[in-house]
Amino acid sequence: MNQTINYTIRPLRQDEVPLLKNFLYEAIFIPEGMKPPSREVVNLPELQLYIEYFGTKKDDFCLVADYDGEVIGAVWTRIMDDYGHIDNQTPSLAISLYKEYRNKGIGSHLMNEMRALLKSKGYNRISLSVQKSNYAVNMYLKLGFRIIKETMEEYLMVNVLNQEMSHTQR
């Protein structure tokens with residue numbers, strides 16, 4: 001039942017910013033057999049920095065997948081001191097889709113559109129942090145992300161957007 005659906009990718013509207021709280025929760029990886037955390041977990045300071053006052057910083061960008069007028073997925077970036085932070089010129093990326101829309105190519109499409117947007121804005125690379133056991137690691141690798149640092153549980157990954165700059169910024 002992996003049918004294709006017609007959706008569009010577009011920028012997040014200002015009145016939709018509160019939706020990022022839902023997508024932040026959906027972005028939390030829950031290993032097999034683990035109980036999901038309370039939705040209140042997104043109010044922790046280390047998670048709030050992904051969404052608090054989103055759209056007010058020059059490096060805040062968000063694209064959404066819109067299916068029949070409903071936002072079903074989001075990819076957003078901002079320069080912040082998060083788990084995926086590399087430096088103050090590299091936006092960190094977060095992405096999530098509602099469960100029923102995963103594994104349909106929508107996430108890859110969102111990521112490719114965000115990469116194109118950031119490249120057009122002059123960014124040289126983007127970063128993210130992902131738990132090693134998260135199935136999304138394979139998607140990130142297929143999209144050209146490379147592991148640059150590893151902890152016991154996570155990978156820090158980077159995607160180079162501007163090849164000319166990549167040699168000086170690795």
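Contact here means heavy atoms within 4.5 Å, the cut-off that applies to the views below, which are drawn from a predicted model.

**View 1. Helix H1 and the elements that cover it.** Helix H1 spans residues 19–26, and its buried residues are Leu20, Phe23, Leu24, Tyr25 and Glu26. The cover over these buried residues includes helix H2 (45–48) together with strands E2 (61–67), E3 (70–78) and E4 (92–97).

**View 2. Strand E3 between its two partners.** Eight of the nine residues of E3 are buried, so the strand is largely enclosed by the rest of the structure. E3 runs antiparallel to E2, to which seven bridges join it, and also antiparallel to E4, through six bridges. In the hairpin of E2 and E3, two residues lie between the strands, and Asp68 takes a positive phi near 55°.

View 3. Asp82 is found in the loop between E3 and E4, where it is buried yet has no salt bridge, the nearest side chain of opposite charge being Arg78 at 9.3 Å. A polar atom of the Asp82 side chain does, however, lie 3.0 Å from the backbone nitrogen of His85. Apart from its neighbours within four places in sequence, Asp82 is in contact with Leu49, Tyr50 and Ser92.

View 4. The side chains of Asp66 and Arg10 meet in a salt bridge, with an N to O distance of 3.0 Å. Asp66 lies in strand E2 and Arg10 in strand E1 (residues 8–11), so the pair ties together parts that are 56 residues apart in sequence. Both partners count as buried, Asp66 at 13% relative accessibility and Arg10 at 16%. A further salt bridge joins the side chains of Glu16 and Arg13 (3.1 Å, N to O); Glu16 is buried at 6% relative accessibility, whereas Arg13 is partly exposed at 44%.

**View 5. The salt bridge of Glu26 and Lys99.** The closest N and O atoms of Glu26 and Lys99 are 3.7 Å apart in this salt bridge. The pair links distant parts of the chain, with Glu26 in helix H1 and Lys99 in the loop between E4 and helix H3 (106–120), 73 residues apart. Glu26 is buried, with a relative accessible area of 16%, while Lys99 counts as exposed at 57%.

Conventions: Residues are numbered from 1 along each chain as its sequence is written. This is a predicted model: local features need pLDDT of at least 70, side-chain atom pairs count only at pLDDT 80 or more; totals for chains, interfaces and linings use all residues. Side-chain values use heavy atoms; hydrogens and water are left out. Buried means under 20% relative accessible area, exposed over 50%, partly exposed in between (1.4 Å probe, protein chains only). Helices (H or I, at least four residues) and strands (E, at least two) are DSSP runs, numbered from the N terminus. Lys and Arg count as positive and Asp and Glu as negative; His and the chain ends are not counted. A salt bridge is a side-chain nitrogen of Lys or Arg within 4 Å of a carboxyl oxygen of Asp or Glu. A polar contact is a pair of N or O atoms within 3.5 Å; within protein, one must be able to donate a hydrogen and the other to accept it, and residues adjacent in sequence count only if both atoms are side-chain atoms. Two strands pair if DSSP finds at least two bridges between them.
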